[in-house]
Amino acid sequence: MKLRFAKIAIFLAALIPLGRLSWKALHDGLGANPIEVITHSTGDWTLILILATLAITPLRRITKQYWLIGVRRMIGLFAFFYGVLHFTTYIWLDKFFDLHEMFKDVAKRPFITIGFSAFVLLIPLAVTSTAGWIRRLGGKNWQRLHRLIYATGILGVIHYIWLVKADRRKPMEYAGVLGVLLLYRVVMWAVEKRKSVAVPVRPRTSAEATGA
Ligand code: HEM
């Protein structure tokens, strides 16, 4: 019941940024540079949702609300959704689907190279997010593959830091949140390693490894 309610609430909440953008677009509210507004908003939400996905594991362990794992996939898929919108804005409204121009940009501008890499890494995560893929890959391999989310988060933050020319406060806030979320994992990994040296543990099942 809790999970169902949370899923509906997150689904609706995650559509709000898109709804706001669409509303503004339809009512001439995007200002003098609409492409910039759309790129910034979709980029922001891609990163926020990547960080939210990464926050689920610590949140569920700290609060002992284990059902939270049930919303992780949805948040991750919304991160991908906003990533697709962000990339589409760039390739469509900025580059008019000129792939040659796009790859020139990817090769020449480091912040685009990094953003593009972050986006490419999100694709296998979205594709393999289903229960069928967890079964096909096996829990351990699936979990290994899904560690790519750490790289995506790091590249996403670097992309943001590099594209900002003056006030770096906002990207540094994202970097701080990401740092805490990654540090939590390092600490947990070290604690579990110490425990497993003291008491040999049985291998985790697929369901335990993926948190399903
Ligand atoms: C996971 C992937 C990505 C994330 C997390 C991300 C995140 C962001 C963020 C947070 C911003 C700044 C928003 C703001 O100023 O409030 C941004 C801007 C931007 N991103 Fe991305 N991005 C990603 C992928 C890409 C890709 C693939 C491209 C293009 C190939 C791209 C191109 C841009 C451009 C052109 C801007 C605006 C730069 C400007 O201010 O002139 N991003 N992105």
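For sorting residues by class, I count Ala, Val, Leu, Ile, Met, Phe, Trp, Tyr, Cys and Pro as nonpolar, Asp, Glu, Lys and Arg as charged, and the others, Gly among them, as polar.

**Ground rules.** I am working on a predicted model, where local features need pLDDT of at least 70, side-chain atom pairs count only at pLDDT 80 or more, and totals for chains, interfaces and linings use all residues. Residues are numbered from 1 along each chain as its sequence is written, and side-chain values use heavy atoms, with hydrogens and water left out.

**Entry 1: overall build.** I looked up the elements first. The protein has 10 helices and zero strands. Helices (H or I, at least four residues) and strands (E, at least two) are DSSP runs, numbered from the N terminus. The C-alpha atoms fill a box of roughly 60 × 40 × 35 Å along the principal axes. Of the 212 residues, 35% count as buried. Buried means under 20% relative accessible area, exposed over 50%, and partly exposed in between (1.4 Å probe, protein chains only).

**Entry 2: the ligand shell.** I went to the ligand next. There are 20 residues around the ligand, each with a heavy atom within 4 Å of it. His40, Asp44, His86, His159 and Tyr160 come nearest. By class, I find 11 nonpolar, seven polar and two charged residues in the shell.

Which helix gives the most to the shell? H5 does, with seven residues. H2 (34–63), H3 (69–94), H5 (110–127) and H8 (148–163) each supply at least two shell residues.

Entry 3: I checked the N and O atoms here. A polar contact is a pair of N or O atoms within 3.5 Å; within protein, one must be able to donate a hydrogen and the other to accept it, and residues adjacent in sequence count only if both atoms are side-chain atoms. The side chain of His40 has an N or O atom 2.8 Å from a ligand oxygen. The Tyr160 side chain has an N or O atom 3.2 Å from a ligand oxygen.

**Entry 4: salt bridges.** I took a salt bridge as a side-chain nitrogen of Lys or Arg within 4 Å of a carboxyl oxygen of Asp or Glu. The count comes to five.

One of them joins Asp105 and Lys95, with the closest N and O atoms 3.5 Å apart. Asp105 lies in helix H4 (residues 99–108) and Lys95 in the loop between H3 and H4, so this pair ties together parts 10 residues apart in sequence. Both Asp105 and Lys95 are buried. Asp105 has 8% relative accessibility.

Asp105 also meets Arg109 in a salt bridge, 3.0 Å from N to O. Arg109 is partly exposed, at 36% relative accessible area. I note that Lys95, Asp105 and Arg109 are linked in a network of salt bridges.

Another salt bridge pairs Arg169 with Asp167, at 2.8 Å between the closest N and O atoms. Arg169 is exposed, at 59%. Asp167 is partly exposed, at 44%.

**Entry 5: positive phi.** Where does Lys64 sit? Lys64 is in the loop between H2 and H3. Its phi is positive, about 60°, although Lys64 is not a glycine. Lys64 counts as exposed, at 56% relative accessibility.

Phe96 also has a positive phi, about 50°, and is not a glycine. I find Phe96 in the loop between H3 and H4. Phe96 is exposed, with a relative accessible area of 66%.
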